[in-house]
Amino acid sequence: IAKSGEAGSLCGSDPARRLIAKSGDGIKGFCADGGGWLTRLAESPAFQHRDKITILNVGANKGYNIAMMLQLWAGATWTNSDWRLSFTRHARIHNLTLPGKRTYSCGVCLACEWKPEPTLAKWIPPSHVAIHAFEMVPALVGWLRWATKGMRGESRSSDVFRVPHHRGTVKLVHAAVTNVSSVQRNVAVSRLFGDETSSVSSTTAQHLQQHERVQAIALDDYLASEAISHVHLLQVDAEGHDELVLRGVQRSLRARRIDLFEVEYKGKAGRLPSFGWGSGWDSGRTLKETLSWLHELGYSCFWQVARGLVPISGQCFHEEYETREGNLLCAVHGPSYSWLTRIFVPRV
């Protein structure tokens with residue numbers, strides 16, 4: 001786990017607080033590639049010189065993370081802007097309620113504006129990228145199914161998203177990912193197409209009163225059924241359910257078969273207590289308890305901020321982090337964690 005000298009001066013309480021305060025953007029910590037780690041991941045020990053990279057994307061929603069990863073590592077030539085245009089056209093064709101607010105089509109993080117860095121040509125990409133995308137909202141599953149058909153060349157109407165099969169594939173799974181597999185689970189679903197607050201978690205939000213019955217799966221069970229022995233990146237955006245998703249993959253974590261994973265955390269002072277955790281994880285565990293559990297499994301974590309990554313495990317933890325909100329990036333102890341610390345942890 002991170003020691004003071006290992007993560008530079010950031011483990012001291014004052015420097016760590018200053019770096020988080022200097023990020024000054026709040027929302028950046030929620031967004032994919034906070035601090036720039038995702039766009040450079042092909043350089044990491046987890047990705048270098050691999051014949052195949054396996055990625056799990058839990059809570060795929062509009063699919064912008066899928067689009068980003070296929071552009072980064074699978075040779076996709078279309079853009080996130082193309083993805084957004086097709087998403088809005090799909091909504092119109094199927095008479096889906098897409099509010100005028102731009103975040104419903106572009107994402108809270110304005111992911112439709114994302115573009116790969118021009119330096120990507122110098123990187124060594126994986127030979128093949130296999131993405132397993134999980135989404136529980138039927139309307140969004142319909143959109144993702146349409147887009148991924150185009151990737152496989154099965155639909156002329158969406159073939160703009162075609163990806164060379166030998167470079168990248170996407171498997172779409174219509175399910176709610178949680179800690180225990182079951183035949184069906186009652187989930188709260190937004191009536192607004194593109195809304196990012198639907199969750200397995202119980203909620204009384206007015207626009208989430210529509211409920212659906214969907215299959216619930218634990219990732220350990222899914223990995224066993226698919227004969228997947230190693231995951232290079234796990235991304236989780238489960239609107240408050242993230243910690244339970246991790247509980248459902250703890251066998252793989254304990255065996256250190258997952259290199260990196262990203263989860264969202266809304267603390268006690270979170271802006272959206274009705275949709276997020278409000279009092280920490282939806283499971284009721286504190287952030288500190290979760291970080292200690294992950295350390296026992298062999299993982300340490302960072303906050304994502306605009307300027308890079310802030311170590312928060314072990315001696316780097318401060319009680320005030322319980323009330324913070326943002327995305328955590330966690331890595332198995334060893335080369336992957338050391339690489340993230342060396343490249344992305346600023347010295348202040």
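Contact here means heavy atoms within 4.5 Å, and helices (H or I, at least four residues) and strands (E, at least two) are DSSP runs, numbered from the N terminus. This is a predicted model, in which local features need pLDDT of at least 70 and side-chain atom pairs count only at pLDDT 80 or more, while totals for chains, interfaces and linings use all residues. Residues are numbered from 1 along each chain as its sequence is written, and side-chain values use heavy atoms, with hydrogens and water left out.

Q: In what order do the eight strands of the open sheet lie?
A: Two strands are taken to pair if DSSP finds at least two bridges between them. The edge strands, each pairing on one side only, are strand 3 (168–174) and strand 10 (308–311). The pairing is mixed, and the order is 3-2-1-7-8-11-9-10.

Q: At about what angle to strand 11 does helix 10 run?
A: Axes are lines fitted to C-alpha atoms, for helices over the stretch in contact, and angles run from 0 to 180 degrees between N-to-C directions. Helix 10 (residues 335–344) lies across strand 8, strand 9, strand 10 and strand 11. Its angle to strand 11 is about 130°.

Q: Which residue is the bridge partner of F302 in strand 10?
A: Strand 9 (residues 299–305) and strand 10 run antiparallel and are joined by four bridges. Within strand 10, the partner of F302 is P311.

Q: Which residue in strand 7 stands opposite V58?
A: Strand 1 runs parallel to strand 7 (residues 231–236), with four bridges between them. On strand 2 (residues 129–135), also parallel to strand 1, there are six bridges, and I53 has V129 as its partner there. In strand 7, the residue opposite V58 is V236.

Q: Which residues of strand 1 point the other way from I53, I55 and N57?
A: Buried means under 20% relative accessible area, exposed over 50% and partly exposed in between (1.4 Å probe, protein chains only). Six of the six residues of strand 1 (residues 53–58) are buried, so this strand is largely enclosed by the rest of the structure. I53, I55 and N57 point one way, and those pointing the other way are T54, L56 and V58.

Q: How many residues of helix 2 are buried?
A: The buried residues of helix 2 (residues 64–73) include Y64, I66, Q71 and W73. Helix 2 is largely enclosed by the rest of the structure, because the number of its 10 residues that are buried is nine.

Q: What is the handedness of the crossing of helix 3 and helix 5?
A: Helix 3 and helix 5 pack at an angle of about 130°, with their axes 11 Å apart. Among the residues that meet there are W83 and F87 in helix 3 and W143 and M151 in helix 5. A crossing is left-handed if the near helix is turned anticlockwise from the far one by less than a right angle, and right-handed if clockwise. For helix 3 and helix 5 the crossing is right-handed.
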